Amino acid sequence: MSEVKESNPVEKILEKMDEELDNASAVPFSNKKMVDAEQMHEYIDSIRLNLPAEIKRAKDMTREKKTIMSDATKEADDVVAKARKQADEIIRKAQAEADKLVSEQEIISRATEYAKAQARKADEEAAAVVNQAREKEKAIREAMVSNINSTLSEAAAVLEKNLQAVVSSKEAIAKISK
């Protein structure tokens with residue numbers, strides 16, 4: 001039997017399986033033992049139900065990442081649409097003003113320049129907003145990837161530890177059966 005203290009339900013179940021094997025009746029004229037198959041199936045089902053929470057967290061984080069990415073993209077699209085709408089409104093107003101002053105060439109020229117300047121300004125603001133949204137999306141993606149990698153590393157460590165416990169149990173059983 002293992003001398004390691006159980007720290008999670010999976011290890012406790014593996015310990016019970018180990019005890020079941022130790023206490024199993026020997027098959028006459030062989031080095032095999034008889035175990036209660038139904039009990040072993042219950043232990044296996046319990047292990048499945050008690051798999052580490054890190055696996056569930058990794059799935060949840062992946063789902064969250066998709067939601068955050070979708071929200072960031074929608075927000076960026078909304079900001080760009082708003083900026084374009086503002087630019088169109090400014091151009092429309094400038095055009096209306098220019099139409100009122102058609103008779104004076106200098107005023108028309110000024111209005112056109114004003115509209116262009118406002119459109120450039122709106123485009124620059126839209127570009128800045130889009131860049132901010134992309135930077136935010138990138139930062140979120142990097143944080144999410146880092147978080148997922150960390151969680152998966154933790155899950156891998158837990159699974160590796162559990163695999164080592166199973167291998168140790170298997171080796172103990174092999175030693176018992178010799």
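Guide: We'll go from the overall picture down to a few residues.

Visitor: Where does the model come from?
Guide: It's a predicted model.

Visitor: OK. How many helices and strands does the protein chain have?
Guide: The protein chain has four helices and two strands. Reading along the sequence, the pattern goes α-β-β-α-α-α.

Visitor: And what does the C-alpha trace span along its principal axes?
Guide: About 115 × 25 × 25 Å for the protein chain.

Visitor: What share of the residues counts as buried?
Guide: 22% of the 178 residues in the protein chain. The accessible surface comes to about 13200 Å², and carbon and sulfur atoms hold 54% of that.

Visitor: What about contacts between residues at least 6 apart in sequence?
Guide: In the protein chain, 63% of those contacts join residues at least 24 apart.

Visitor: Let's zoom in. What can you tell me about helix H1?
Guide: Helix H1 covers residues 9-23, which is 15 residues. From its first C-alpha to its last it reaches 21 Å, close to the 21 Å expected at 1.5 Å a residue.

Visitor: Which residues of H1 are buried?
Guide: Val-10, Glu-11, Ile-13, Leu-14, Glu-15, Met-17 and Asp-18.

Visitor: Now Thr-151, where is that?
Guide: Thr-151 sits in helix H4, which runs over residues 105-177.

Visitor: Why does Thr-151 count as buried?
Guide: Because its relative accessibility is 2%, and the cut-off for buried is under 20%.

Visitor: And what does Thr-151 touch?
Guide: Leaving out residues up to four places away in sequence, Thr-151 touches Glu-54, Arg-57, Ala-58 and Met-61.

Visitor: What about Ala-157?
Guide: Ala-157 is found in helix H4. With a relative accessible area of 45%, Ala-157 is partly exposed.

Visitor: How far apart are Ala-157 and Ala-126?
Guide: In sequence, 31 residues; in space, 46 Å from C-alpha to C-alpha.

Notes: Residues are numbered from 1 along each chain as its sequence is written. This is a predicted model: local features need pLDDT of at least 70, side-chain atom pairs count only at pLDDT 80 or more; totals for chains, interfaces and linings use all residues. Side-chain values use heavy atoms; hydrogens and water are left out. Buried means under 20% relative accessible area, exposed over 50%, partly exposed in between (1.4 Å probe, protein chains only). Contact means heavy atoms within 4.5 Å. Accessible areas come from the Shrake-Rupley method with a 1.4 Å probe; for residues, only the protein chains shown count as cover. The expected span of a helix is 1.5 Å times one less than its number of residues.
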